[in-house]
Amino acid sequence: MDFNKIKEAAQGYEAAMTKFLRDLVAIPGESCGEEGVIKRIEKEMNDLGFDKVVIDPMGNILGYMGKGETLIGYDAHIDTVGVGNMANWTFDPYEGFETDTEIGGRGTSDQLGGIVSGVYGAKIMKDLDLLSDKYTVVVTGTVQEEDCDGLCWQYIINEDKVKPEFVVITEPTDGNIYRGQRGRMEIRVDVKGVSCHGSAPERGDNAIYKMADILQEVRELNNHLHYDPFLGKGTVTTSEIFYTSPSRCAVADSCAVSLDRRLTDGETYEMALEEVRNLPSCKKYGAEVSMYTYERPSWTGLVYPTDCYFPTWVIPEDHAATQAMVEAYKGMYGEPKVDKWTFSTNGVSIMGRYGIPCIGFGPGKEAQAHAPNEKTWKEDLVRCAAVYAAMPTIYCKK
């Protein structure tokens with residue numbers, strides 16, 4: 001394989017990738033509102049000569065290049081979070097900015113850069129005749145990940161009947177190769193009370209006070225969760241609190257909280273629910289502990305309900321996909337660092353639910369995700385496109 005030729009081809013597309021990314025940034029595309037972004041990706045794929053481009057009923061876009069036997073996936077979620085407090089931004093998050101080395105704007109690292117490098121990686125495969133009868137690549141621009149990671153791939157696998165041999169996750173990896181992540185789940189805890197006039201609180205049963213006891217035990221629970229040598233420790237934290245009360249002059253008659261639970265390797269959602277149910281105050285107050293469900297319509301109007309459980313996954317360091325990614329990187333850019341994500345990706349479904357191996361390599365940095373003044377780096381777009389282009393040939397020779 002002529003690695004220098006692949007690097008040169010990727011470098012030659014830097015300007016085109018920059019324009020594509022800036023076009024995507026300019027189209028607001030939060031979860032369930034991604035239509036404009038999807039249509040722009042469709043245009044780029046068609047203009048670059050993809051063999052087949054499909055927008056499925058959920059609103060995901062799937063672009064195919066090649067007609068070989070082994071299907072290899074490159075996934076990028078193309079929805080973004082909102083912009084938050086505009087006072088924290090030094091530039092317009094949708095207009096963005098560009099310098100000789102950087103591109104700024106909402107979604108540049110998380111993770112519109114990934115779809116840009118994925119699309120152009122496939123284009124380079126075609127340009128350099130790297131496509132063979134051994135493989136086809138499918139580049140997916142997936143929706144609703146920020147709302148419910150992996151739901152898009154539940155639909156792609158179960159309903160579209162698309163099942164790659166492995167998938168490259170193009171979320172930002174700080175220039176490293178990532179082979180796993182902790183899972184997560186969304187837990188709700190409810191307690192009931194009895195309201196009364198606030199002037200005589202002893203007549204009622206204050207649900208907020210019950211929850212206060214539970215929350216102290218949740219905080220302590222976080223210190224005693226399972227530790228995995230590679231992925232690290234499981235965590236739990238309170239993320240939201242709700243209550244009902246007849247007025248501000250009354251005792252609260254119900255209280256609920258949301259818990260963000262990160263699951264390390266060796267933990268399951270059943271274990272996590274039981275840990276909370278077994279807290280002394282949960283037992284004492286008869287708390288109801290449940291898992292959230294997600295059933296928000298996609299931009300096409302399709303509803304595909306799921307539990308808010310997102311399994312842990314890890315691919316072995318000696319897996320063929322890991323080795324192929326490392327070899328492709330090493331052939332052009334030196335020895336890579338192989339590590340793990342801190343946050344969650346669509347791999348929770350692809351590998352966590354369905355056992356399809358995932359390997360991670362994507363432009364941008366984790367710390368830019370969801371942050372004000374988000375940016376990415378042009379050299380990352382080029383590097384990722386080059387590695388993506390080289391990887392399938394290496395994998396299919398193993």
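## Two helices that cross

A crossing of two helices is called right-handed if the near helix is turned clockwise from the far one by less than a right angle. That is the case for α4 and α11 in this predicted model, where the crossing is right-handed.

So who are the partners? Helix α4 covers residues 108-127 and helix α11 covers residues 378-397; they pack at an angle of about 45°, with 8 Å between their axes. The two helices are therefore oblique to each other.

## Where they touch

On the α4 side, the residues that meet α11 include Gly-113, Gly-114, Ser-117 and Tyr-120. On the α11 side, Asp-380, Leu-381, Cys-384 and Tyr-388 are among those that meet α4. Sorted by class, this contact has nine nonpolar residues, five polar ones and one charged one.

Gln-111 is part of helix α4.

## Two loop residues with positive phi

Cys-32 isn't a glycine, yet its phi is positive, at about 75°. You'll find Cys-32 in the loop that runs between α2 (14-25) and α3 (35-47). Is Cys-32 buried or exposed? Its relative accessibility is 16%, so Cys-32 counts as buried, the cut-off for that being under 20%.

Asn-373 has a positive phi too, near 60°, and is likewise a residue other than glycine. Asn-373 sits in the loop between β21 (358-360) and β22 (375-377). With 23% relative accessibility, Asn-373 counts as partly exposed.

Definitions and conventions
Residues are numbered from 1 along each chain as its sequence is written. This is a predicted model: local features need pLDDT of at least 70, side-chain atom pairs count only at pLDDT 80 or more; totals for chains, interfaces and linings use all residues. Side-chain values use heavy atoms; hydrogens and water are left out. Axes are lines fitted to C-alpha atoms, for helices over the stretch in contact, and angles run from 0 to 180 degrees between N-to-C directions. Helices (H or I, at least four residues) and strands (E, at least two) are DSSP runs, numbered from the N terminus. Angles under 35 degrees count as roughly parallel, over 145 as roughly antiparallel, 65 to 115 as roughly perpendicular and the rest as oblique. Contact means heavy atoms within 4.5 Å. Ala, Val, Leu, Ile, Met, Phe, Trp, Tyr, Cys and Pro count as nonpolar, Asp, Glu, Lys and Arg as charged, and the others, Gly among them, as polar. Buried means under 20% relative accessible area, exposed over 50%, partly exposed in between (1.4 Å probe, protein chains only).
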